[in-house]
Amino acid sequence: KELQRLPGVGPKVAGCVLLFSLGFYDAFPADVWVRRVLREQYGFTGNDRQIYEFARKRFGPYAGIAQQYLFFWKRENSKS
């Protein structure tokens, strides 16, 4: 919440900072690619808070690591 008080920092950027630079492996930054894979593979739609809750329940304390695999998998399999 503190990071999001900075101008231009929303939930995704704050999640990225937490995951990639501060070691919060449960952070789950959700961009369009992650939302797409959650919808297509898990049937999940929801707001940022619901996405985080779903990810923590589904992937546990290393949800952020799972996010990276999901993101990479979706990007790689979306190439034409």
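Ring pairs link F28, Y42, F44, F54 and F59 into a cluster. Rings of Phe, Tyr and Trp (its six-membered ring) pair if their centres lie within 6.5 Å. The model is predicted, so local features need pLDDT of at least 70, side-chain atom pairs count only at pLDDT 80 or more, and totals for chains, interfaces and linings use all residues. Residues are numbered from 1 along each chain as its sequence is written, and side-chain values use heavy atoms, with hydrogens and water left out.

## Aromatic pairs

The count comes to five aromatic pairs. One of them joins F28 and F59, and this pair is stacked. Planes under 30 degrees apart count as stacked, over 60 as edge-to-face and the rest as tilted. F28 lies in the loop between α1 (11–21) and α2, while F59 sits in helix α3, so the pair ties together parts that are 31 residues apart in sequence. Helices here are DSSP runs (H or I, at least four residues), numbered from the N terminus.

F59, at 23%, counts as partly exposed. The cut-offs are under 20% relative accessible area for buried, over 50% for exposed, and partly exposed in between (1.4 Å probe, protein chains only).

F44 and F54 form another stacked pair. F44 lies in the loop between α2 and α3, and F54 in helix α3, so this pair ties together parts 10 residues apart in sequence. F44 is buried, with a relative accessible area of 16%. Both stacked pairs are set out here.

| Pair | Centre to centre | Angle between planes |
|---|---|---|
| F28 and F59 | 6.2 Å | 15 degrees |
| F44 and F54 | 4.6 Å | 20 degrees |

Leaving aside its neighbours within four places in sequence, F54 is in contact with L38, Y42 and F44. Contact means heavy atoms within 4.5 Å.

## The nonpolar core

Which residues make up the largest nonpolar core? It has 11 residues: F28, A30, V34, V37, L38, F44, I51, F54, A55, A63 and L70. Helices α2 (32–42), α3 and α4 each give two or more residues to this core. Such a core is a set of buried Ala, Val, Leu, Ile, Met, Phe, Trp, Tyr and Cys residues joined through side-chain atoms within 4.5 Å. In soluble globular proteins, nonpolar side chains tend to be buried together.

## Helix packing

Two packed helices are described by the angle between their axes and the distance between the axes. Axes are lines fitted to C-alpha atoms, for helices over the stretch in contact, and angles run from 0 to 180 degrees between N-to-C directions.

Helix α3 (residues 48–59) packs on helix α4 (residues 63–77) at an angle of about 100 degrees, with their axes 9 Å apart. The two are therefore roughly perpendicular to each other. The classes are under 35 degrees for roughly parallel, over 145 for roughly antiparallel, 65 to 115 for roughly perpendicular, and oblique for the rest. From α3, A55, R56 and F59 meet A63, A66 and L70 in α4. The residues of this contact divide into five nonpolar, no polar and one charged.

Helices α2 and α4 pack at about 85 degrees, with their axes 9 Å apart. That makes α2 roughly perpendicular to α4. In α2, the residues W33, V34, R36, V37, L38, E40, Q41 and Y42 meet Q67, L70, F71, W73, K74 and R75 in α4. This contact divides into eight nonpolar, two polar and four charged residues. Nonpolar covers Ala, Val, Leu, Ile, Met, Phe, Trp, Tyr, Cys and Pro; charged covers Asp, Glu, Lys and Arg; the others, Gly among them, are polar.

## Single residues

Q67 lies in helix α4. Q67 is buried, with a relative accessible area of 4%. Beyond its neighbours within four places in sequence, Q67 is in contact with L19, F28, P29 and V34.

R75 is also placed in helix α4. R75 is partly exposed, with a relative accessible area of 37%. R75 and Y25 are 50 residues apart in sequence and 21 Å apart in space, C-alpha to C-alpha.

N47 has its place in the loop between α2 and α3. N47 is partly exposed, at 43% relative accessible area.
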